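Please keep the model open while reading.

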Amino acid sequence: MNAAGSATPSRRLRLAGAAVHLYTAIGSVLGLLIVLAAFDGDAVAALWLGLVALVVDGTDGMLARRLRVKETIPWFDGARLDDIVDYLTYAFAPVVLLWTTGLLPGGAAGSVVAALPLLASCYQFCRVDAKTEDHAFLGFPSYWNVVAFYAIVLDLDPAVVATVLVVCSVLVFVPVRYLYPSRTTALRGLSLALTALWLVTYAVLLLQVPDPHPVVVALSLAYLGYYVAVSLWLTARAAHRRRGELAAAV
């Protein structure tokens, strides 16, 4: 009975872990649906699907850690699955959406601009140090879905969109530490609360398209300001720590 009793929870944990991996994998289907909506000319539907993908990506890791999936299903690489899904929903699908909405420059320039974030993200997702020891992203974390969201909701000029894509593609290679809202321990409670509020503004702005309210836009953009400020602070703090360690070693 003791053996049977100890086996049952293990099976339950494995089933729970498998369910979490399936939950993550649903993001690949969402990526497909975003692309299909983009080609159907329904940018708003694509962005709603992008919001669902954001929620899935923001919660699957916490579920995986809570259910100890690395221990219960050690032969399955959930981190690799997460990277595959994130590339589809954070990079590939958003670039397709920008392309189909005409928010990229025309001609060969548009093709080059579209290629840059895809290539930069290939590098980003293959870096073994893409996430730091203090749970931050190293280099711009391929938030092309966020770029596509603001480009569409704010109806940005293609030249502005192209500039943002080029700058952020370069920032992928610059070792700035970017906030990982669900994992960075510093200011974690505040970051999670503000991220949840930003997701609410995301939904409200979609409901208001094509005339987003300036106050909601300001609240949404204020979160980006917070995100950048905290990211720069994390980078400065890490540099200060390194200097201290070097001074102590000398």
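## Helices H2 and H4

In this predicted model, Ala-43, Ala-46, Leu-47, Ala-53, Leu-54, Asp-57 and Asp-60 of H2 touch Asp-82, Asp-86, Thr-89, Tyr-90 and Leu-97 of H4. Contact means heavy atoms within 4.5 Å. By class, the residues of this contact are seven nonpolar, one polar and four charged. Ala, Val, Leu, Ile, Met, Phe, Trp, Tyr, Cys and Pro count as nonpolar; Asp, Glu, Lys and Arg count as charged; the others, Gly among them, count as polar.

H2 spans residues 43-66 and H4 spans residues 78-100. Their axes lie 11 Å apart, at an angle of about 160°. H2 and H4 are therefore roughly antiparallel to each other (under 35 degrees is roughly parallel, over 145 roughly antiparallel, 65 to 115 roughly perpendicular, the rest oblique). Axes are lines fitted to C-alpha atoms, for helices over the stretch in contact, and angles run from 0 to 180 degrees between N-to-C directions. The crossing is left-handed: the near helix is turned anticlockwise from the far one by less than a right angle; clockwise would be right-handed.

## Helices H2 and H6

H2 also packs with H6. The two axes come within 11 Å and cross at roughly 145°. This crossing is left-handed. Ala-43, Leu-47 and Leu-54 of H2 meet Asn-145, Phe-149, Ile-152 and Val-153 of H6. The contact has six nonpolar residues, one polar and no charged.

## Helices H8 and H9

H8 covers residues 188-208 and H9 covers residues 214-249. Their axes come within 9 Å and cross at roughly 145°. The residues of their contact divide into ten nonpolar, five polar and no charged.

## An aromatic link

The structure holds 17 aromatic pairs (ring centres of Phe, Tyr and Trp, the last by its six-membered ring, within 6.5 Å; planes under 30 degrees apart are stacked, over 60 edge-to-face, the rest tilted). Tyr-90 and Tyr-143 form a tilted pair, 6.0 Å centre to centre with 40° between the planes. Tyr-90 sits in H4, and Tyr-143 in the loop between strand S1 (137-138) and helix H6 (144-153). The two are 53 residues apart.

## Confidence and conventions

The average pLDDT (the predictor's confidence in each residue, from 0 to 100) is 94, and 96% of the residues score at least 70. Residues 1-8 stay under 50, with zero contacts beyond four places in sequence. Where pLDDT is low, the predicted coordinates should not be read in detail.

Helices (H or I, at least four residues) and strands (E, at least two) are DSSP runs, numbered from the N terminus. Residues are numbered from 1 along each chain as its sequence is written, and side-chain values use heavy atoms, without hydrogens or water. Local features need pLDDT of at least 70, and side-chain atom pairs count only at pLDDT 80 or more, while totals for chains, interfaces and linings use all residues.
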